[in-house]
Amino acid sequence: MPTVSMTVNGRAVTGEVEGRTLLVQFLREQLSLTGTHVGCDTSQCGACVVHVDGESIKSCTMLAQQADGTEVTTIEGLASNGGLHPMQEAFREHHGLQCGFCTPGMVMSAVDLLNKNPNPDEGEIREWLEGNICRCTGYHNIVKAIQSAAENMRG
Amino acid sequence: MYDFNHHRPGSIDAAASALSGADDGKILAGGMTLIPTLKQRLASPSDLVDLGAIGELKGICEEGGAVVVGAMTTHAAVAKDATVKAKIPALAHLAEGIGDAQVRNCGTIGGSIANNDPAADYPAALVGLGATVRTNKREIAADDFFTGMFETALDDGEIITAVAFPVPEKAGYAKFANPASRYAIVGVMVATGPAGTRVAVTGAGPCVFRLSDAESALGSGISADAVANVSVAADGLNSDLHASSEYRANLVNVMLRRAAAAAG
């Protein structure tokens with residue numbers, strides 16, 4: 001079977017995959033990084049968003065072999081030194097979740113937004129979240145959390 | 001998804017050999033349509049030839065009076081590129097409106113046009129701007145490239161390498177997006193420049209088409225007023241759960257006026 005190697009959350013990993021193995025399957029089933037969720041499996045809901053070479057992508061619609069040689073960051077890779085990432089902290093503070101299923105993807109997507117645009121307005125945040133679907137909270141607190149994280153991360 | 005052999009060649013020639021050596025090989029670009037298609041078992045190729053590791057297929061440059069976009073350049077890269085924004089802002093605007101942020105980070109111009117989805121945005125850009133598709137074998141004018149629903153002039157195993165867009169004097173793109181997918185229910189590109197005055201419509205019919213009545217009406221200047229009375233017949237337009245053909249016919253006029261206003 002083909003082998004893939006990549007850096008996941010700062011750690012070099014290698015594994016055997018089939019041609020059809022999706023990146024999200026590799027992360028969840030081989031690396032046991034189950035924080036990345038599979039929601040719709042049709043690249044619409046965004047629960048599976050991770051970063052590949054710094055860009056947010058839907059890991060249910062990327063083959064593991066397409067990510068060969070890349071640097072991948074999952075929700076497990078955001079916290080550092082035992083402390084939550086400011087985006088995670090903001091989601092907790094503003095209750096930007098209800099059931100929590102979409103949250104890993106929301107957080108990863110929002111971090112990518114702030115990397116590109118540190119000061120987004122509400123409209124830009126809502127537009128950016130086009131690819132992330134939440135069926136509980138109606139987005140209001142998610143948007144609030146991202147605005148708050150943006151403020152905190154700008155310092 | 002059925003299994004397949006995955007190839008990740010480092011050059012266009014190696015990709016062409018991998019394709020010709022496969023029983024039923026398919027090209028994998030960004031995968032935004034192909035991977036969902038494989039998951040649904042609507043296709044089951046023996047081999048996928050992934051173009052993701054071929055550096056020469058990525059990137060944007062200026063060449064004479066044209067902006068040349070490598071086939072594996074993502075929609076996000078086109079949307080934020082300084083040259084595209086300066087020379088053809090309507091193209092950057094179009095790329096920024098495709099799908100969602102994560103789709104734009106993976107989906108590529110080459111993959112989009114090779115697939116030729118009737119509701120895709122890029123076919124309107126290529127036909128409206130009078131672009132040329134470059135492949136590993138030849139150059140194909142956009143007018144000859146899109147031949148029907150999900151059909152193109154590409155031969156089996158032919159690989160798109162880049163798209164050259166002549167820099168227009170004016171161009172504007174407007175679309176009425178499906179609120180769920182952001183595919184165009186109707187999208188219209190209006191442009192005037194070295195390729196003449198051109199109007200291309202996507203989403204409305206089975207394949208992108210030019211609207212000659214609108215092109216004549218815009219001949220003496222680009223404005224929304226000039227095309228206020230241009231209409232298309234509903235016959236032959238797409239009709240589905242999102243919009244009837246009559247509704248799409250009306251949208252063509254509305255998007256045409258908006259695109260002309262954006263270009264003017």
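In this predicted model, chain B carries 20 positive and 28 negative side chains, and 7 Å separates the centres of the two sets.

**Chain B as a whole**

The secondary structure of chain B consists of eleven helices and 14 strands. Its radius of gyration is 18 Å, close to the 18 Å given by the globule rule for 264 residues, so chain B is as compact as a globular protein of that length. Along the principal axes, a box of roughly 55 × 45 × 30 Å holds the C-alpha atoms of chain B.

| Property of chain B | Value |
|---|---|
| Share of the 264 residues counted as buried | 57% |
| Accessible surface | about 10500 Å² |
| Share of the accessible surface belonging to carbon and sulfur atoms | 47% |

**A residue of chain A**

Attention now turns to A:Thr21. In chain A, this residue occupies the loop that links strand E2 (11–16) with helix H1 (23–30). Is A:Thr21 buried or exposed? The relative accessibility of A:Thr21 is 10%, and the limit for a buried residue is under 20%, so A:Thr21 counts as buried.

Two kinds of neighbour can be described for A:Thr21. The side chain of A:Thr21 reaches the backbone nitrogen of A:Glu18 at a distance of 2.9 Å. Leaving aside residues up to four places away in sequence, A:Thr21 touches A:Phe26, A:Leu63 and A:Ala64.

Note on methods
Residues numbered from 1 in each chain as written. Chains lettered and ligands numbered in written order. Predicted model: local features only at pLDDT ≥ 70, side-chain atom pairs only at ≥ 80, totals over all residues. Heavy atoms only, no water. Helix = DSSP H or I, 4+ residues; strand = E, 2+ residues; numbered from the N terminus. Rg over C-alpha atoms; globule rule 2.2 N^0.38 Å. Buried < 20%, exposed > 50% of the residue type's maximum accessible area, 1.4 Å probe, protein only. Areas by Shrake-Rupley, 256 points an atom, 1.4 Å probe, with all protein chains shown as cover. Lys, Arg positive; Asp, Glu negative; His and termini not counted. Charge placed at Lys NZ, Arg CZ, Asp CG, Glu CD. Polar contact = N/O pair within 3.5 Å; in protein donor to acceptor, adjacent residues only side chain to side chain. Contact = heavy atoms within 4.5 Å.
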